Amino acid sequence: MKKLKAILIGAGLRGITYTDFIAENRDKFELVAVAEPADSRRNYIKKKHALSNGLCFTDYKPLLEKGKIADVAIIATMDRDHFEPVMEAIRVGYDILLEKPIAPTPRECEAITSLAEKMGSRILVCHVLRFTPFFVALKEIIDSGKIGEVVSISQIECVGNEHQSHSFVRGNWGNEAKSSFMLLQKSCHDMDILQWLIGTECRQVQSFGSLTYFTEKNAPNGAPDYCIEGCPVGETCPYNAVKLYLKSDSDWFRSASTKMVNPNDDDVKKAISSTQYGKCVFRCDNNVVDHQVVNLLFDGGVTVSFTMCAFNKGGRTIHIMGTKGEIEARLEDNKPIQIYTFADKSVSEYDYAAMGGEGQAGGHSGGDEGIMEAFYNYIANGEAGKNICTVERSLKNHYIAFAAEHSRRSGTVINVEDYMNSIKNEEDYSI
C-alpha cells in the first residue's frame, strides 16, 4: 500500500478533522508539515504528528517555498484565504484536498480551476455530503429507477438557530467581507448535492432571502454589548454566550471561540469577554442572510425548491418526486429513508445507517471520513469513483450559488450558462 505524504495549510477545526483521520490511518497517510498562525492549533498538530520545529510554520509562504516536500496539500484556511495558497500549491506541483468553497469569487474559482488543468494538479473539493451514507443511499435509489425519472425535488437545509448564531452571526462566516456570502459558504454543499442527485445541468435560478432577525433592532432592552456583563433576559435567551460557551460541553463551540485545542474555562471566559463570540447576538457585525430560498430549473424540466433557514433545530430534509414514486427522508434523525411507489401503492424503507456501515458516525454524518478515504484512493490509486467532485465539476456547481446570489440581489431570474460566460468574458456581471 502506498503511503501519501501530506502538508496541512490551515489547522482550524476542518484541518484538524482531516489530519486526525491521518493520525488514525498511518498506513495510508503521513503528515510532514503544517502552516497555522494560532499557536495552540499548530502545536496540537506538531505534537500529534511528531513534527520537527523546522516543519511547523505560522504562514503558508515559507512552507511552500520549500518546494514539493509531500504528495498532497490539504488546504483548509478561511474562505478569503484560499486563493493564494491554492495557486502556489498548484505551481509547486501538489495534488490538493481543498475545503469548500473553492474561493469566494467566480474569477478566483475560474483561475484556480484553469491553473490546475494547465499544471495537471488533481484537486478534490470537500463536498462531503457526497460521501455520507445518507446521500449515497439517495443516489443509489434514484439511479436504480425505482421512482422513475426525477421530476421535482424539495430540499431544506435547517442550519439550526445555535449554529447560525455561532458561525454566521458571531463567528468567522457572519460577515461577507471576511468570508463569503451565505449560500456559497454554507449551501454550496447543497447546490452540489442537488446537481449530483439529478445528474444534469442547472439552467436557471431565482432566489429570495435576507437578514431578518439577528440585527440591532431586535436587541432586548437593556442588553449589554457582552452577555457576560449581565443581561436582563440572559436566563431565557437561547443565544446567551455564557451558556453556549462557558457553561457548555461543546468542544466545537469552545475551541472555535478561543482558537485553541482543549481550552479551559479561563480561556473561554477571556474569549467571551473580549471577542465577538461573547457579544450580544444582536450587536455583531454580521451581514449574511439568515434565510433564503432558491428555485432551480435543470435540464429536462426538473425543478428544485431549496430553502436555507436558521430558525430550526438543525438538519436536512429532502422530498424527491419521480414519475414512478417518491422519496422522503431526513438527515440527522437516523430514521430510514421512505420510498413510496405508485404501481402497488407500497411504502418501503431503506435503512441507510445499517447498509452504510457507520451511518451517522463521524463528522458531517460520516462524510469527513468518507472523503478522506476517497481522496486517498483518488490520488494513490487513480480511482475516481462516482462520488468524486473534481474542481472542474465543483466550479460548475459553485456557479449555481453565484448565479442565485446575483438573482437575490437583482430580483431577476438568471440563466446560469449566460452568467458563467459573462464571468469568463470578464464582463461587468458580477454578484
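User: How are H5 and H15 oriented to each other?

Analyst: Please note at the outset that this is a predicted model. The axes of helix H5 (residues 106-119) and helix H15 (residues 416-424) come within 10 Å and cross at roughly 75 degrees. H5 and H15 are therefore roughly perpendicular to each other. On the H5 side the contact is made by Pro106, Arg107 and Glu110, and on the H15 side by Tyr419, Ile423 and Lys424.

User: At what angle do the axes of H14 and H15 cross?

Analyst: The axes of helix H14 (residues 391-410) and H15 cross at roughly 100 degrees and come within 10 Å. That angle makes H14 roughly perpendicular to H15. In this pair, H14 contributes Lys396, Tyr399, Phe402, Ala403 and His406, which meet Val416, Tyr419, Met420 and Ile423 of H15. Tyr419 and Ile423 of H15 also take part in the contact with H5.

User: Let us turn to charged side chains. How many salt bridges does a search of the whole structure find?

Analyst: Side chains of opposite charge can pair when their charged atoms come close. A search of the whole structure finds 22 salt bridges. One of them joins Lys28 and Glu373, with the closest N and O atoms 2.5 Å apart. Lys28 lies in the loop between helix H1 (13-24) and strand E2 (29-35), and Glu373 lies in helix H13 (residues 367-381), so the pair ties together parts that are 345 residues apart in sequence.

User: With which residue does Asp95 form a salt bridge?

Analyst: Asp95 forms a salt bridge with Arg122, and the closest N and O atoms are 3.0 Å apart. Asp95 lies in strand E5 (residues 95-98) and Arg122 in the loop between H5 and strand E6 (123-125), so the pair ties together parts 27 residues apart in sequence. Asp95 counts as buried at 9% relative accessibility, whereas Arg122 counts as partly exposed at 29%.

User: Which residues are linked with Lys186 in a network of salt bridges?

Analyst: The network links Glu157, Lys186, Asp190 and Arg316. Within it, the side chains of Lys186 and Glu157 meet in a salt bridge of 2.4 Å, N to O. Lys186 belongs to helix H8 (residues 182-198) and Glu157 to strand E7 (residues 150-158), so that distant parts of the chain, 29 residues apart, are linked. Lys186 is buried, with a relative accessible area of 11%, and Glu157 is buried at 1%.

User: How far away is the nearest side chain of opposite charge to Arg170?

Analyst: Arg170, in helix H7 (residues 161-170), is buried yet has no salt bridge; the nearest side chain of opposite charge, Glu162, is 9.1 Å away. In such a case one looks for other polar partners. A polar atom of the Arg170 side chain lies 2.9 Å from the backbone oxygen of Lys279. Among the residues that Arg170 touches are Cys227, Tyr239, Tyr245, Tyr277 and Cys280.

User: With which side chain does Tyr245 make a polar contact?

Analyst: The side chain of Tyr245 makes a polar contact with the side chain of His166, at 2.7 Å. Tyr245 is found in helix H9 (residues 241-246) and is buried, with a relative accessible area of 0%. Residues that Tyr245 touches include Arg170, Phe253, Val268 and Ile272. By contrast, the C-alpha atoms of Tyr245 and Arg122, 123 residues apart along the chain, are separated by 39 Å.

How values were computed: Residues numbered from 1 in each chain as written. Predicted model: local features only at pLDDT ≥ 70, side-chain atom pairs only at ≥ 80, totals over all residues. Heavy atoms only, no water. Helix = DSSP H or I, 4+ residues; strand = E, 2+ residues; numbered from the N terminus. Buried < 20%, exposed > 50% of the residue type's maximum accessible area, 1.4 Å probe, protein only. Lys, Arg positive; Asp, Glu negative; His and termini not counted. Salt bridge = Lys/Arg side-chain N within 4 Å of Asp/Glu carboxyl O. Polar contact = N/O pair within 3.5 Å; in protein donor to acceptor, adjacent residues only side chain to side chain. Contact = heavy atoms within 4.5 Å. Axes fitted to C-alpha atoms, helices over the stretch in contact; angles between N-to-C directions. Parallel < 35°, antiparallel > 145°, perpendicular 65-115°, else oblique. Lists of a residue's contacts leave out its neighbours within four places in sequence.
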